[in-house]
Amino acid sequence: ENRFQNEMSVRVVSVGPNGLLQVKGTKVIDVDKAKQDIAFSGWVRAQDVSPTNLIESSRVADAQIGYASPGPLGKPKQGIVSKVLGVVWP
């Protein structure tokens, strides 16, 4: 099971003819010295935006989430001592 939880800021980039707001945003997260890029876009109704400028993801239509991370996920980086011991000691 994959689960993704995040908060991010987005901007209104256009208003559709029906009054829907198109939002887009990006975020870069640094995890274990590896940059992870997240991109988000979708359409929201103005009345679904809270007084504190928040909106639940379940209220976003045509949501697209892009995630890019170089290298394998979840594999911690080893120090030189761990690498040497890994070679000589199974």
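**Largest pocket**

I looked up the volume first: the largest pocket holds about 830 Å³ of space. A pocket here is an open set of points on a 1 Å grid over the protein atoms alone, where a 1.4 Å probe fits, with protein on both sides within 12 Å along at least five of seven lines. The volume is the space filled by probe spheres set on the points, which are joined across faces, edges and corners.

This is a predicted model, in which local features need pLDDT of at least 70 and side-chain atom pairs pLDDT 80 or more, while totals for chains, interfaces and linings use all residues. Residues are numbered from 1 along each chain as its sequence is written, and side-chain values use heavy atoms, without hydrogens and water.

I then listed the lining (residues with an atom within 4 Å of a point). It has 23 residues, and Asn6, Glu7, Met8, Ile55 and Ser57 lie nearest the pocket centre. At least two lining residues come from each of β1 (11-15), β2 (21-31) and β3 (34-44). β3 gives the largest share, 4 residues. By type, I noted 15 nonpolar, 5 polar and 3 charged residues in the lining.

**Whole protein**

I read the order of elements as β-β-β-β-α, with 1 helix and 4 strands. These are DSSP runs: H or I of at least four residues for helices, E of at least two for strands.

Of the 90 residues, 16% count as buried, meaning under 20% relative accessible area with a 1.4 Å probe.

How values were computed. Ala, Val, Leu, Ile, Met, Phe, Trp, Tyr, Cys and Pro count as nonpolar, Asp, Glu, Lys and Arg as charged, and the others, Gly among them, as polar. Buried means under 20% relative accessible area, exposed over 50%, partly exposed in between (1.4 Å probe, protein chains only).
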